[in-house]
Amino acid sequence: MKPDCVIRALSALAQEHRLAAFRLLVQAGEQGVAAGVLAEKLDVPPSSMSFHLAQLANAGLVTQRRESRSIIYSADYAAMNSLMGYLTENCCGGISCSENAECFPSSQRKSA
């Protein structure tokens, strides 16, 4: 992933409502969620939700499709995984995270 794409994605997520919407979309899976439902769940006006979703889409983190009169948004898991891969690429001094217990939160570390 190119640094400019990483910056755009992180910038899009660096806002409370966009981060919450993205997390809901990740939880929803591939079927996605209608924009109106997201606005209701997050208690955000529909026009504001549209703005936030456009920012996430512009950053390449979500996809959209039309179903009847609704626009359904879904998390782009490939983009999310690329972002996570970029952020952890050089973690642990180049040692694979699966081989290094220090990479995991203390609750997930394998006991020695």
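1. Helices here are DSSP runs of H or I with at least four residues, strands are E runs of at least two, and both are numbered from the N terminus. Read that way, the chain goes α-α-β-α-α-β-β-α along its sequence, giving 5 helices and 3 strands.

2. Keep in mind that this is a predicted model, where local features need pLDDT of at least 70, side-chain atom pairs count only at pLDDT 80 or more, and totals for chains, interfaces and linings use all residues. Residues are numbered from 1 along each chain as its sequence is written, and side-chain values use heavy atoms, leaving out hydrogens and water.

3. The chain's mean is 88, with 83% of residues at 70 or more.

4. Now look at helix 1 (residues 3-13) and helix 5 (residues 77-88): their axes come within 11 Å and cross at roughly 110°. Axes are lines fitted to C-alpha atoms over the stretch in contact, with angles from 0 to 180 degrees between N-to-C directions. Angles of 65 to 115 degrees count as roughly perpendicular, so that is the label for this pair.

5. Which residues in helix 1 and helix 5 meet? Pro3, Val6, Ala9, Leu10 and Leu13 in helix 1 touch Leu83, Tyr86 and Leu87 in helix 5, contact meaning heavy atoms within 4.5 Å.

6. Buried residues (under 20% relative accessible area, 1.4 Å probe, protein chains only) account for 29% of the chain's 112 residues.

Notes: Parallel < 35°, antiparallel > 145°, perpendicular 65-115°, else oblique. Buried < 20%, exposed > 50% of the residue type's maximum accessible area, 1.4 Å probe, protein only. pLDDT = per-residue confidence, 0-100.
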